[in-house]
Amino acid sequence: MMIATVETGIADCHPASVQDFLPIGELRALQLERLQRIVERAWQYVRLFRQRMDERGLTPADLASLEDIARLPFTIKADLRDNYPFGLFASPMSEVVRLHASSGTTGKPIVVAYTQLDVNTWTSVVTRCLAGCGLHHGDVIQVSYGYGLFTGGLGAHYGAEGLGATVVPTSGGHAERQIMLMKDFGVTAICCTPSYFIHLIERAAEMGIDFKQLPLRAGVFGAEPWTDEMRRHIEQGSGIEAFDIYGLSEIIGPGVGCECRHHSGLHIFEDHFYPEIIDPETGKVLPDGDEGELVLTTLSKQAMPMIRYRTRDITRLLPGRCACGRTMRRIGRIGRRSDDMLIVRGVNVFPSQVETALLQVEGTLPHYQIVLTRAHGLDQMEVQVEVTPNMFNDRIGALQALHDKLQGALDRVLGIRVRVSLVEAHSIERSEGKAKRVIDRRNQ
Amino acid sequence: MKIQQLSIFVENKPGHLAAPIRLLAEAGVDLRALFLADAREYGVLRMIVSGCERAAALLTEQGFVARVTEVLAIEVSDHPGGLAGVLAALDATGIDIDYMYAFPCRDAERAVLLFSFADPEAAIEKLQTAGINPLASDELFSL
């Protein structure tokens, strides 16, 4: 099947991208119409939502404007867990064509469902993401997110196929094979977690392969928060252009938003996902530009509508219009999550700060883990850093100097004393390509 | 003049020394000399082995942090005063030693001193001026 590209006069587009440029007035009208319809659907079919509306004395008819969304109850992650497995579905099982679930390490996983229309929506938003990254028909896209219950792999896969690209569905793991295929197949773009890509850069170097010599030109990275230092590290180490993609299974999976080539925030595909920023303490809606917790409402999802889902991701809606011309509002890069915050001896610590500190030290790659323990009633924070062949010097003095530099950078950035440990390469556990950053043993 | 040495980063935990050694054993790598430098939580294993580059590649492939480093080997007579003589000569040149270790030869007459210098090129020059010739790799393995 040939997929023709539409002449929009704007670069980095696919026919599906037309929606990205909807005139604001049209977009707001579409959002209101869809919001009313989705709230009606959830009210009809999801008992929990109806109950919460009843408690507030609300019916779908009370939604007269987009601003009225602030009157609706929030949905939180625990709601999904409490209604495991199918309690929040708004479609009969016979209409559900796909189920995904979180890899949840504690208790029951979170289950999400898709009708055929939902899968189509998902495909189109991921296609719009990839098109915005300058990818198109003719590109060879390697999908190194895990395939399976995790939404990353299949989400990126369908989107890349929708784009008309050639998809190489490697899934996660087997770094050497990933690198070999990347080279032999002439892969031009990769989708994976940023930490996994850094791992691939390291392994490629060990194999004597320089990504800069390959056709690889773009990476679409998501599924975990990352920093601008990581972006620089990736771009300098591989010569590619790195894009931040955002999504979460509860809403649809990857494809809720993505950077365009201007890299000035992530466009949220507002025709399907309505964004709000709230004060995480009070729940009050904040104006564009203020930092707070991102709340998303799915405007078109049939099988499992999410009304005002609290993402726990801390960001802001960027005011003004992006130079690319998209009318879709942008969120700032998500550096931290409200539930990521650690309180260590009364001080707020975010894993992203640890990353910033580690990256300040020359030659240090961000495979690390934070281990929290308690000794004599006092919190102890240890940062384990994997030694890579690049960092390794066989003089004990040089290793101690590296240790002291890491220690100094962490002390400065965090403002509390932490213990740094140098550990062997590949000794920190990874799952789905996502590094497990924090181990909290304080209450054991 | 320079001798290849295999250096491995190991955590100071039970079993962490055995793992790389087992791998080398399975690959038929012959260990000629070995020294473990330890800090509190980790150590560096330094070894003179047959097929150093292959051994390092094998270890790296299996996820160990290993690299080929360079040392100078000096032969001395294995009698009281052998090491003292070389150190006195080194002292006189003012060369800084990063670390050193030694192993006796099989004939029990001679020993080999292994030195790591910050600037090995300069060290070779000064040693030769002082009448000390570091061993070449084939000389070392024939001892």
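## Basis of the description

Two strands are taken as paired if DSSP finds at least two bridges between them. Helices (H or I, at least four residues) and strands (E, at least two) are DSSP runs, numbered from the N terminus. This is a predicted model, in which local features need pLDDT of at least 70 and side-chain atom pairs count only at pLDDT 80 or more, while totals for chains, interfaces and linings use all residues. Residues are numbered from 1 along each chain as its sequence is written, and chains are lettered from A in the order in which they are written.

## A four-stranded sheet in chain A

In chain A, an open sheet of four strands has the order S19-S18-S17-S22, with mixed pairing. Strands S19 (419–423) and S22 (438–440) of chain A each have a single partner strand and stand at the edges, so one side of each lacks a neighbour in the sheet. From one strand to the next, the twist averages 20°.

Strands S17 (residues 368–375) and S18 (residues 378–386) of chain A run antiparallel and are joined by eight bridges. Arg374(A) has Asp379(A), in S18(A), as its bridge partner.

## Overall form of chain B

Chain B contains five helices and six strands, arranged from the N terminus as β-α-β-β-α-β-α-β-β-α-α. Its C-alpha atoms fill a box of roughly 45 × 30 × 25 Å along the principal axes.

Of the 143 residues of chain B, 26% count as buried (20 or more other C-beta atoms within 10 Å of the residue's own, with C-beta atoms placed from the backbone).

Methods:
Axes fitted to C-alpha atoms, helices over the stretch in contact; angles between N-to-C directions. Buried ≥ 20, exposed ≤ 12 C-beta atoms within 10 Å, placed from the backbone.
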